[in-house]
Amino acid sequence: MTTGLSRREFLTGSGALVVSFSMAPLLEPLASGQGQFDTHMSHINPERLDSWIAVGADGVVTAYTGKCDFGQGMYTAQTQLIAEELCVPIDRVRLIQCDTSVTPDQGTTSGSQSTPTNFNSSDLAQAAATAREALINMAAPNLGVPANLLTAANGFISAKGGRRVSYGELIAGKKFNLALDLKAKRRPPSEWTVLGKPVPSLDIEALVTGQFEFVHNVRVPGMLHGRVVRPPAVGATVVKVDEGSVRGISGLVMVVVRKNFVGVVAEKQSQAITAAAKLKVVWTSGTGLPSQKDFYDYIRKQPSRDVLFVDSQDVKQQLAHAATVLKATYCHPYQAHGSIGASCAVADVHADTATVWSATQSVYPTRAGVATLAGLPVDNVRVVFVRGSGCYGLNGADAVSFDAALLSHAIQRPVRVQLSRADEMAWGENYGAACVIDQRAGLDATGTIVAWECQPWTVSLGGRPGYDRPGNVITGALAGYPPQTVAPQASSQPQGELRNGNNAVPSYVVGCVGGKCGGTGTVRSERVLAHTVNSPFFTGPLRSPLRLQNTFAHECFMDELSAHAKADPVAFRLRHLREPRIVEVVKAAAQAAKWDARPAPKSDLRRGQIATGRGIACVAYEGDNGYVALIAEVDVDVESGRVRAKRFVLAQDCGPISNPAGMRNQIEGGMLQGLSRALGEEVTWDDRQITSTNWSTYHSLPLGIEVPPIDCVLINRADGSAMGAGEIVITVVAAAVGNAIFDATGARLRQVPFTAARMKAALEARS
Amino acid sequence: MPTISLRVNGGVHAVDIDPETPLLYVLSDELHLRGPKFGCGLGQCGACTVLMNGRAVRSCITPVGGVTDAEIVTLEGLGTPAKPHPIQQAFIDEEAAQCGFCLSGVILSAKAFLDRNPKATDDQIRQALAGVLCRCFAHARMFKAIRRYENTRHI
């Protein structure tokens with residue numbers, strides 16, 4: 001660990017402004033071994049209490065977390081957690097998020113893993129519990145009372161009769177010098193006074209009054225402005241950069257070229273924009289792109305890396321004996337994170353050290369990437385998280401951090417890089433992957449599913465850079481570091497236990513691997529073989545990565561099976577589910593929606609211009625990280641093909657709820673984001689390049705839409721494990737809406753987004 | 001470079017800048033204001049919105065040379081955390097934000113519209129916000145907050 005003094009001194013400053021601060025005292029020899037979360041060695045040992053918690057002489061509790069806030073509410077929820085476990089008011093907690101100089105390496109803030117990681121019996125929660133018990137133990141000799149007779153409350157340890165001592169007096173700014181105690185007791189949910197209560201987002205006042213510092217607002221002394229010049233076509237490489245083309249542009253400081261990375265640096269932002277626009281670069285014509293129209297067929301023809309998730313090895317026979325066999329194929333496009341703010345970062349690279357202010361989800365991996373690009377030892381690089389606009393996954397934050405590092409490295413001065421909208425949408429981010437998913441299942445004469453086979457196909461290129469792959473995002477690749485590609489490989493029999501992190505395995509099968517059945521359903525004859533092929537575009541996790549695409553296919557296909565069996569979609573699901581928690585959310589949603597049990601589609605189709613219907617979808621997110629059921633009610637204008645959501649009813653179980661206010665906000669946002677993605681969002685391209693480069697070509701539902709009422713049943717399982725709630729709802733929206741459309745019209749849409757044109761075509765095909 | 005005089009949030013600022021420079025960059029780089037944000041640079045999303053003589057304007061496509069006579073108000077010019085403007089208070093009360101990056105567009109577009117159309121219907125408010133984006137999709141709360149502001153004005 002570092003000395004308490006240096007950490008504290010650093011922390012008194014606004015992170016963004018302390019640039020002249022020497023790195024040296026912050027970087028002690030590597031103390032810890034290989035970290036958990038698949039992280040690398042860090043100078044901050046997660047097994048030591050002082051890595052997580054410091055209590056000042058003034059009693060203020062400072063907590064250090066490797067899970068940061070992008071607007072999803074982790075700042076507030078983690079502050080509640082610390083206040084609860086250490087028994088102090090919320091305003092006595094200072095939470096320091098994601099800074100490689102002071103916070104433990106918790107990998108990436110993603111995948112709805114912050115709550116499972118930091119709110120159960122390890123890491124931040126366990127550190128806070130350890131600290132509370134340590135303070136009680138310190139108070140025992142001080143008060144002359146055995147520890148088991150002492151209680152912690154409001155920043156004091158008290159004995160019966162009113163004698164008490166404050167945390168500040170006990171610790172007096174010293175370190176705890178203790179290991180994380182895995183036996184320290186968490187405060188029981190029944191006694192919670194802060195955690196589990198609705199606490200408004202702690203940053204809301206700063207946000208609405210324009211005071212909040214985003215990474216876009218970071219300004220450091222001597223800072224220059226950079227812009228990047230991306231290739232005009234996929235696969236295009238630099239032939240020549242004509243620096244003469246920008247000579248004389250006011251304020252231009254430097255043109256930077258590193259292999260195929262091209263950027264400009266100027267005194268002012270508008271000068272950098274002008275220079276980037278005017279810089280003449282000769283590029284090769286690029287590799288060309290497969291036709292978008294035939295892309296889903298194209299995917300299936302590529303060599304693939306295959307993973308067999310389950311295989312009961314009897315699917316063929318069961319299907320041969322089934323009364324009916326249904327087949328359907330579902331398609332999901334590439335979609336963009338489309339952050340409202342195009343990504344931005346500031347880097348200050350010198351001969352021997354570098355500091356980067358970044359909105360990355362992964363400060364430690366980004367540190368490694370910057371070290372590689374700048375040719376510095378990793379310990380000499382510091383990455384400080386400063387929030388950007390909502391990212392929903394791997395938006396342009398990592399790429400622009402590398403952009404800033406390359407430009408600053410070239411000029412050895414601090415450089416701020418702001419991507420343009422087109423930089424972000426055509427070249428900045430790693431899209432959510434396109435998928436084509438083949439489903440096949442058999443029903444017996446009673447309408448029970450007897451076998452289910454699913455073959456999802458998806459695409460991949462690059463991804464999170466991790467600790468050693470800066471080329472997994474565009475900047476690193478342009479600078480000469482290769483991205484991760486797909487090496488074709490045949491599948492082998494599944495080993496160990498069921499892995500369903502991508503929800504490739506439908507909820508309705510037993511999910512047996514090695515004799516152990518980890519699935520949530522009843523269908524015993526099962527086979528899921530997933531194929532991944534190379535993508536022409538960079539891909540990466542986008543809110544509910546692959547889980548959303550797979551669930552769209554599973555839940556719509558389940559609806560098709562239900563319709564074929566002439567069964568009510570809720571009852572049909574319940575017949576094929578066995579996990580009590582998913583059963584409970586399905587029942588709760590149906591009850592809250594006053595679900596009218598009958599088969600879909602409605603019997604009175606084709607009357608009037610507006611068709612109305614309802615649909616359900618459910619999922620055990622990542623197999624076991626949260627349970628949700630969603631009922632959507634929609635209107636379909638059969639003349640225009642326009643789909644409008646009328647109402648959403650949801651039931652959700654994510655274990656104990658840390659902050660019901662924050663969770664509700666996440667549910668509402670996830671629901672509408674899911675609707676926007678289901679109805680309109682699609683990355684498009686021509687034969688050379690991406691064509692959805694701004695908000696007129698990439699269609700996001702604006703504030704002007706009529707927002708459907710959203711009813712939530714929140715099941716608070718206080719005694720269970722804490723699960724992630726940020727991605728669970730969005731996973732089922734396209735499926736629920738697609739099923740509601742079918743109920744309303746009898747037309748099945750198997751391709752996202754459900755545009756008016758696709759809706760009309762499906763209506764015509766129906767008749 | 002010519003010196004341009006700007007009236008922003010009640011103060012007068014002299015800036016040496018090319019008059020073609022979009023107002024947004026002057027506000028954020030020269031005056032260090034955090035309210036107006038760069039979202040798209042194309043006037044498509046609203047994140048850069050400021051009030052100019054009470055009207056919502058997209059500062060990312062407004063050359064600074066053309067606004068020297070105007071009274072410009074940014075999100076921070078409306079109110080402070082200690083004393084928020086009633087529309088900001090309504091957003092606080094409804095917890096109407098997630099990342100909050102879009103708020104200049106949402107709050108200032110709504111305020112400018114309601115100030116001119118005090119009896120606006122829900123449909124009219126929606127129409128006024130048809131060109132504003134929030135990618136966290138906090139739409140429901142934002143709409144409630146706007147309605148709350150509208151209602152408090154009529155008490």
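Reply: Happy to! Let's start with helix axes: an axis is a line fitted to C-alpha atoms, for helices over the stretch in contact, and the angle between two axes runs from 0 to 180 degrees between N-to-C directions. Keep in mind that this is a predicted model. Here, the axes of H17(A) and helix H18 (residues 730–745) of chain A come within 8 Å and cross at roughly 50 degrees. That angle makes H17(A) oblique to H18(A).

Me: Which hand does the crossing of H17(A) and H18(A) have?

Reply: It is right-handed.

Me: Which residues of H17(A) and H18(A) meet?

Reply: A helix has a repeating pattern: with 3.6 residues a turn, residues three or four places apart point the same way. From H17(A), those in the contact include A:Gly670, A:Gly674 and A:Arg677. On the H18(A) side they are A:Ile730, A:Val733, A:Ala734 and A:Val737. The residues of this contact divide into seven nonpolar, three polar and one charged.

Me: What span should H17(A) have, and what does the model show?

Reply: Count 1.5 Å a residue: the 20 residues of H17(A), 660–679, should span 28 Å, and the end C-alpha atoms are 28 Å apart, so the two agree.

Me: How many residues of H17(A) are buried?

Reply: The helix is mostly covered, with 17 of its 20 residues buried.

Methods: Residues numbered from 1 in each chain as written. Chains lettered and ligands numbered in written order. Predicted model: local features only at pLDDT ≥ 70, side-chain atom pairs only at ≥ 80, totals over all residues. Helix = DSSP H or I, 4+ residues; strand = E, 2+ residues; numbered from the N terminus. Expected span 1.5 Å × (residues − 1). Buried ≥ 20, exposed ≤ 12 C-beta atoms within 10 Å, placed from the backbone. Parallel < 35°, antiparallel > 145°, perpendicular 65-115°, else oblique. Left-handed = near helix turned anticlockwise from the far one by under 90°. Contact = placed C-beta atoms within 7 Å. Nonpolar A, V, L, I, M, F, W, Y, C, P; charged D, E, K, R; others polar.
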